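Thanks for coming. I will go through one structure, piece by piece, and stop at the places where the local geometry is worth a look.

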There are 2 protein chains.
Amino acid sequence: MTDIIPVVLCGGSGTRLWPRSRKHKPKPFLPLVGDTTMFAATVLRCAPKDGFGHPVIVTGTAHLDHVEAQLPDRANTRILVEPVGRNTAAAIALAALLLPRDAIMLVCPSDHHIGDCDAFRSAAREAAGLADKGWLVSFGIAPTAPETGFGYLKQGDPIPGSSGRKVERFVEKPDLARAMEFLASGEYAWNGGIFAFKVGTFLDELAKHRPDILEAVRASVNKGRTDGLRFHPDADLFTQVPSQSVDYAVMELTEHAAMVPATMAWSDIGNWQALHEAQEIDEAGNATFGRVELLDSRNVLVMSDGPRVSVVGVSNLIVVVDGDEVLVCSPEGAQAVGKLTGAANQ
Amino acid sequence: MTDIIPVVLCGGSGTRLWPRSRKHKPKPFLPLVGDTTMFAATVLRCAPKDGFGHPVIVTGTAHLDHVEAQLPDRANTRILVEPVGRNTAAAIALAALLLPRDAIMLVCPSDHHIGDCDAFRSAAREAAGLADKGWLVSFGIAPTAPETGFGYLKQGDPIPGSSGRKVERFVEKPDLARAMEFLASGEYAWNGGIFAFKVGTFLDELAKHRPDILEAVRASVNKGRTDGLRFHPDADLFTQVPSQSVDYAVMELTEHAAMVPATMAWSDIGNWQALHEAQEIDEAGNATFGRVELLDSRNVLVMSDGPRVSVVGVSNLIVVVDGDEVLVCSPEGAQAVGKLTGAANQ
């Protein structure tokens with residue numbers, strides 16, 4: 001089997017980690033857990049040894065400076081620069097068209113936290129083995145709560161000679177009642193958004209299910225230009241690519257969907273409460289960053305990039321000071337941060 | 001009876017409204033309730049009409065600029081400038097020594113909120129009538145909670161021909177159990193820190209109980225200097241005045257202590273929770289000042305002098321942004337704000 005080629009997807013910008021995450025410096029480029037940015041941690045997690053090759057980064061023009069500044073090994077990393085975002089099917093197709101057909105791609109979002117790096121690499125090798133045999137492989141995360149913000153994988157029959165299973169069904173974000181059923185049944189895993197594909201398999205499946213996407217990306221690649229390690233697909237043609245997620249475009253339609261179980265302290269850091277849970281906390285459940293004083297307080301996350309924050313007699317709260325914005329939210333309120341005027345209009 | 005001379009005491013600096021209140025601009029000089037500063041509101045409440053004369057202000061060198069900038073009628077207001085603070089007995093003695101012996105002084109702290117101005121003036125006239133007959137009169141506030149931060153007055157026999165009563169006993173800040181007893185008994189009032197005295201009576205009582213304080217203040221006055229409407233007692237001599245509250249020095253010792261009941265929406269705005277309670281709130285119990293967005297939040301007080309503050313899913317919380325300081329505290333934590341490093345070291 002050839003080396004695993006990490007394909008790190010580095011685009012988009014959420015609103016739920018506002019005001020720390022902003023349009024001009026979104027989540028992947030921030031050191032949200034520890035001192036390393038989410039993007040740099042993703043690349044370092046895929047370091048080129050033990051079956052992993054040099055990574056390929058897919059990013060947008062707007063984020064190129066961040067990517068190049070934060071890349072651990074810029075001299076050996078190809079960067080594919082999307083003129084506009086066209087969702088994950090197009091981003092993965094772009095990378096696939098520039099790689100050998102027999103290469104194994106490991107598609108990684110750059111804004112997830114993975115606490116257990118060894119478990120990740122081990123699962124990646126398992127997934128790569130299945131991909132080499134023609135499976136399109138998702139990472140299945142053992143669910144720990146009835147999350148309604150994630151997609152779920154219903155696990156099917158085991159695949160002999162591996163820890164993997166067929167995926168019987170993909171379920172988009174369920175309501176709470178269904179999520180609780182899924183959790184209780186033990187038959188479902190969270191869709192971690194990490195995938196392993198053999199390049200040729202992926203392109204064939206995309207050609208079968210969404211040839212419009214494949215041909216539009218191919219046209220933009222054919223007219224693209226190389227600039228050192230950067231590749232720029234033709235901007236006008238790439239803009240015409242239909243925008244669709246790889247889940248909808250391929251994974252939910254293919255007959256070759258598989259999953260590997262991955263127990264690796266994963267979090268999508270999807271909101272402030274998730275970030276609090278991913279932090280190292282003290283014995284009172286607190287985590288603080290910057291100039292912070294706590295008095296009689298428990299289970300608070302406080303981050304400040306400047307002003308001192310003093311917290312007295314408070315439990316279960318998130319306080320974020322970033323530039324000219326101050327956010328105060330409860331764990332329950334964390335999901336709604338994106339609805340704030342500041343987050344929506346950033 | 002002569003006019004009531006309001007003697008507005010304007011010194012000291014607390015820590016429990018930090019970071020809004022700072023050493024260089026303490027509580028009296030801030031518009032904490034409404035658009036008027038506490039000091040200006042105190043002076044306006046004592047406007048010279050209907051039995052009130054022009055006020056006398058007692059303040060410290062450090063606050064003189066604030067006083068002069070905020071005085072509604074500077075041309076008619078005497079200002080007595082203490083070189084250092086020596087507590088209320090000395091401040092009142094200073095004013096008394098500069099007023100006619102038959103004048104009625106109405107001693108008013110400048111950092112209390114009084115919602116019902118008419119009730120205040122009415123109680124003041126009642127108190128002045130008693131003071132004119134030789135009583136030393138406190139304002140008794142009907143207690144609404146077992147506060148442990150206030151002094152209490154035990155009400156004695158009614159004084160014929162007035163709504164006043166003798167004070168049977170002064171009780172310094174009680175513990176919670178005693179405060180609850182006081183509240184349940186119906187026999188106690190809060191000591192509002194507002195007093196009416198005939199000047200001569202006050203000086204005689206001070207001479208009787210603390211002649212050291214009286215003579216030290218008198219010496220500083222005799223060597224003092226007048227500068228227009230300002231009077232400066234001699235700094236060296238005033239510094240030698242023993243520091244004591246009027247409660248300890250006179251009120252708890254005199255045989256002529258009386259009180260008038262005052263139901264006037266009084267608050268000492270002693271901490272952030274008290275300030276929240278004194279504010280006009282919306283139907284969800286919220287009060288906001290500055291650039292604030294609330295989402296799914298109840299019973300919060302948010303003040304910002306600059307940055308936008310966004311609050312999501314939060315109940316029962318106080319958030320204050322002031323310059324380079326951010327305070328977040330619960331109602332229960334409000335009493336402990338003074339213990340914060342920032343408040344203690346301001």
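Start with a charge and a ring: A:Arg45 lies over the face of A:Phe120, 5.9 Å from the ring centre. In chain B, the charged end of B:Arg45 sits over the ring of B:Phe120, also 5.9 Å from its centre. The criterion here is NZ of Lys or CZ of Arg within 6 Å of the ring centre and within 35 degrees of the ring normal.

Some ground rules. This is a predicted model, in which local features need pLDDT of at least 70 and side-chain atom pairs count only at pLDDT 80 or more, while totals for chains, interfaces and linings use all residues. Residues are numbered from 1 along each chain as its sequence is written, chains are lettered from A and ligands numbered from 1 in the order in which they are written, and side-chain values use heavy atoms, with hydrogens and water left out.

Next, aromatic pairs. Over all chains, a search of the whole structure finds 18 of them. Rings of Phe, Tyr and Trp (for Trp, the six-membered ring) pair if their centres lie within 6.5 Å; planes under 30 degrees apart are stacked, over 60 edge-to-face, and the rest tilted. One aromatic cluster is made of A:Phe150, A:Trp190 and A:Trp266.

Now strand β19 of chain B, residues 325-329. Helices (H or I, at least four residues) and strands (E, at least two) are DSSP runs, numbered from the N terminus. Of the 5 residues in this strand, 5 are buried. Buried means under 20% relative accessible area, exposed over 50%, and partly exposed in between, with a 1.4 Å probe and protein chains only.

Which way do the side chains point? B:Glu325, B:Leu327 and B:Cys329 point one way from β19(B), and B:Val326 and B:Val328 the other. In a regular strand the side chains alternate between the two faces of the sheet.

What does β19(B) pair with? Strand β17 of chain A, residues 308-312, runs parallel to β19(B) and is joined to it by 5 bridges. Two strands pair if DSSP finds at least two bridges between them. Within that pairing, A:Arg308 stands opposite B:Glu325. Strand β18 of chain B, residues 315-322, pairs with β19(B) in the antiparallel sense, over 5 bridges. There, B:Val319 has B:Val328 as its bridge partner. β18(B) and β19(B) form a hairpin with 2 residues between them, and B:Gly323 in the turn has a positive phi of about 60 degrees.

The cut-off is a side-chain nitrogen of Lys or Arg within 4 Å of a carboxyl oxygen of Asp or Glu. One of them crosses between chains: A:Glu325 and B:Arg308, with the closest N and O atoms 2.7 Å apart. A:Glu325 lies in strand β19 of chain A and B:Arg308 in strand β17 of chain B, so the pair joins two chains. Both residues are buried.

A second example is A:Arg101 with A:Asp204, closest N and O atoms 3.1 Å apart. The two are 103 residues apart: A:Arg101 is in the loop between α3 and β4, and A:Asp204 in helix α6. A:Arg101 is partly exposed at 49%, and A:Asp204 is partly exposed at 42%. A:Arg20, A:Arg22, A:Asp322 and A:Asp324 are linked in a network of salt bridges.

A:Glu82 is buried yet has no salt bridge, and the nearest side chain of opposite charge, A:Arg86, is 8.7 Å away. For that search, Lys and Arg count as positive and Asp and Glu as negative; His and the chain ends are not counted.

Last, backbone geometry. Most residues other than glycine have a negative phi, and most peptide bonds are trans. The bond from A:Trp18 to A:Pro19 is cis, with omega near 5 degrees, and a cis bond also joins B:Trp18 and B:Pro19, where omega is about 5 degrees. A:Pro19 is in the loop between β1 and α1 of chain A. A:Ala265 has a positive phi of about 50 degrees although it is not a glycine; A:Ala265 is exposed, at 53% relative accessible area. Phi of B:Asp296 is positive too, near 50 degrees, and B:Asp296 is exposed at 61%.

That is the list.
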